[in-house]
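My starting point was the surface.

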Amino acid sequence: MFDSLSGPMRSLLARLAFLVAGALVGAALYARGVAGILAVPLAVVALLVIGELYLFAAGQGV
């Protein structure tokens, strides 16, 4: 299914996946009491940056 999408749509879905993963990691850290309330936004931003670097290295970055 992922291969049938256009390039921009694939890129958008990859970025959305990194955003959701960041939110899930942040929520898990918050639930475990690791970093307090800042865990969610920091994890989202961190995984978005990692995702952008990954997409840039893979040649899919815009």
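Entry one, the nonpolar patch. I looked for nonpolar patches, taking residues with over 30% relative accessible area and no salt bridge and joining nonpolar side chains (Val, Leu, Ile, Met, Phe, Trp, Tyr) within 5 Å, and I noted one of about 670 Å² made by Met 9, Leu 12, Leu 13, Leu 16, Leu 19, Val 20, Leu 24 and Leu 48. The areas come from the Shrake-Rupley method with a 1.4 Å probe, and for residues only the protein chains shown count as cover. Helix α1 gives the most to this patch, with seven residues. I checked Leu 13, which is found in α1 and counts as partly exposed at 32% relative accessibility; buried means under 20% relative accessible area, exposed over 50%, and partly exposed in between.

Entry two, the source. This is a predicted model, in which local features need pLDDT of at least 70 and side-chain atom pairs count only at pLDDT 80 or more, while totals for chains, interfaces and linings use all residues. Residues are numbered from 1 along each chain as its sequence is written, and side-chain values use heavy atoms, with hydrogens and water left out.

The C-alpha trace spans about 40 × 20 × 10 Å along its principal axes.

Entry four, the buried side of α1. I listed Ser 11, Ala 14, Gly 22 and Gly 26 as buried in α1, and what covers the buried residues of this helix includes α2. Just after α1, Gly 33 takes a positive phi of about 75°.

Which residue pairs with Arg 15 in a salt bridge? I found Glu 52, with the closest N and O atoms 2.6 Å apart, where the term asks for a side-chain nitrogen of Lys or Arg within 4 Å of a carboxyl oxygen of Asp or Glu. The pair links distant parts of the chain, Arg 15 lying in α1 (residues 7-31) and Glu 52 in α2 (residues 39-58), 37 residues apart. Arg 15 is partly exposed at 22% relative accessibility, and Glu 52 is partly exposed at 34%.

Conventions: Helix = DSSP H or I, 4+ residues; strand = E, 2+ residues; numbered from the N terminus. Buried < 20%, exposed > 50% of the residue type's maximum accessible area, 1.4 Å probe, protein only. Patch = residues over 30% accessible without salt bridge, like charges linked within 9 Å, V, L, I, M, F, W, Y side chains within 5 Å. Contact = heavy atoms within 4.5 Å.
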